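User: I would like to learn how to read a protein model feature by feature. Can you take me through one?

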Amino acid sequence: MQKVFIAPKNYKRIDEFLAKELQISKNQALSLIKEGLVFCQKKEVKKGGLALKEGDAIALLTPKITPKPLKRDLDLEIEVIFEDDDLLVLNKPPNLIVHKAPSVKEPTLVDWLEAKNYQLSNLGSKERYGIVHRLDKDTSGGIVIAKNNFTHVHLSEQLKTKMMGRYYIALLSTPLSRKEEKMSVECYLTRNPNNRLKMMAIKTKKAVILKANLLAC
């Protein structure tokens with residue numbers, strides 16, 4: 001499966017053209033090129049600096065995902081809340097990591113998607129095909145998976161502009177008072193330089209704001 005673009009004018013770099021057409025970063029465009037998914041005039045593109053001429057045909061291939069047998073510890077059922085030709089909404093169970101990483105040794109949601117042979121967007125790295133947003137390992141709930149790049153771009157934009165959001169329900173070990181029925185917590189978070197798997201509170205340019213409502217006590 002592929003999508004073909006026609007260069008409307010001369011471009012100094014093909015990665016700039018892809019970034020503009022797909023509304024992605026140049027680094028993401030370079031990742032597509034490195035994975036051998038971009039062709040110009042039926043020839044595989046090797047470098048992001050390839051100059052384009054007006055009328056050049058650029059083909060972007062969708063990666064072919066080979067189904068993998070489910071591992072014994074991944075032999076689980078994940079509820080499909082909604083599915084159409086463009087996206088998939090899953091009910092992610094707790095204790096399941098969303099995507100692979102060098103530090104992750106256990107099966108992930110992406111492994112499950114590959115085993116089920118779902119067609120996925122390829123704007124991210126192979127470890128994150130289809131993943132528009134993630135949920136923490138211990139968090140359960142709805143997660144959106146993009147089946148194609150067009151959907152991935154628009155879902156990402158909706159997250160960025162807050163058209164699409166996420167709501168969390170949490171159980172607290174210490175009850176809140178009625179005065180705390182509605183609260184807002186502002187915190188500055190960044191990755192811990194001594195342990196990249198953890199976050200730490202420190203004053204940075206961007207604040208994380210948590211707004212919470214008490215549902216029951």
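Analyst: We will go through the sheet, a helix, the aromatic rings and the salt bridges. Keep in mind that this is a predicted model.

User: How many bridges join strand 1 to strand 4?

Analyst: Five bridges hold strand 1 (residues 2–6) against strand 4 (residues 57–61), in the antiparallel sense. Gln-2 has Leu-61 as its bridge partner in strand 4. Phe-5 has Ile-58 as its bridge partner in that strand.

User: And how many bridges join strand 2 to strand 4?

Analyst: Three bridges connect strand 2 (residues 38–40) with strand 4, and the two run antiparallel.

User: Now a helix. Which residues of helix 2 are buried?

Analyst: Think about the helical repeat. An α-helix has 3.6 residues a turn, so residues three or four places apart point the same way. In helix 2, the buried residues are Ala-29, Leu-32 and Ile-33. Viewed down the axis of helix 2, its buried residues fall within an arc of 100 degrees, so they line one face of the helix.

User: What is on the other side of helix 2, and what covers the buried residues?

Analyst: Asn-27 and Lys-34 are exposed on the other side of helix 2. The cover over the buried residues of helix 2 includes helix 1, strand 2 and strand 4. After helix 2 comes Gly-36, with a positive phi near 75 degrees.

User: Next, the aromatic rings. How many aromatic pairs does a search of the whole structure find?

Analyst: Three aromatic pairs turn up. Read each by the distance between ring centres and the angle between planes. For Tyr-11 and Phe-17, the centres are 5.2 Å apart and the planes are at 75 degrees, so the pair is edge-to-face. Tyr-11 and Phe-17 are both buried. Phe-5, Tyr-11 and Phe-17 are linked by ring pairs into a cluster. Phe-5 brings you back to the sheet, where Ile-58 in strand 4 is its bridge partner.

User: What lies over the face of Tyr-11?

Analyst: Lys-9 does, at 5.6 Å from the ring centre of Tyr-11.

User: How should I class the pair of Trp-112 and Tyr-118?

Analyst: Use the angle again. The ring centres of Trp-112 and Tyr-118 are 6.1 Å apart and the planes are at 35 degrees, so the pair is tilted. Trp-112 and Tyr-118 are both buried.

User: Last, the charges. How many salt bridges does a search of the whole structure find?

Analyst: Side chains of opposite charge can pair when their charged atoms come close. The search finds six salt bridges. One of them joins Lys-26 to Glu-16, with the closest N and O atoms 4.0 Å apart. Lys-26 is in helix 2 (residues 26–34) and Glu-16 in helix 1 (residues 14–22), so this pair ties together parts ten residues apart in sequence.

User: How exposed are Lys-26 and Glu-16?

Analyst: Lys-26 is partly exposed, at 37% relative accessibility. Glu-16 is also partly exposed, with a relative accessible area of 34%.

User: What does Lys-137 form a salt bridge with?

Analyst: Its partner is Glu-106, and the closest N and O atoms are 3.3 Å apart. Glu-106 sits in the loop between strand 6 (87–92) and helix 3 (109–115), and Lys-137 in the loop between helix 3 and strand 7 (141–146), so the pair ties together parts that are 31 residues apart in sequence. Glu-106 is partly exposed at 35%. Lys-137 is partly exposed at 34%.

User: How far apart are the closest N and O atoms of Arg-134 and Asp-136?

Analyst: They are 2.7 Å apart, and Arg-134 forms a salt bridge with Asp-136. Arg-134 is partly exposed, with a relative accessible area of 44%. Asp-136 is partly exposed, with a relative accessible area of 44%.

How values were computed:
Residues numbered from 1 in each chain as written. Predicted model: local features only at pLDDT ≥ 70, side-chain atom pairs only at ≥ 80, totals over all residues. Heavy atoms only, no water. Salt bridge = Lys/Arg side-chain N within 4 Å of Asp/Glu carboxyl O. Helix = DSSP H or I, 4+ residues; strand = E, 2+ residues; numbered from the N terminus. Buried < 20%, exposed > 50% of the residue type's maximum accessible area, 1.4 Å probe, protein only. Phe/Tyr/Trp six-rings, centres within 6.5 Å; stacked < 30°, edge-to-face > 60°. Lys NZ or Arg CZ within 6 Å of the ring centre and 35° of its normal. Pairing = 2+ DSSP bridges. Arc of directions from axis to C-beta. Contact = heavy atoms within 4.5 Å.
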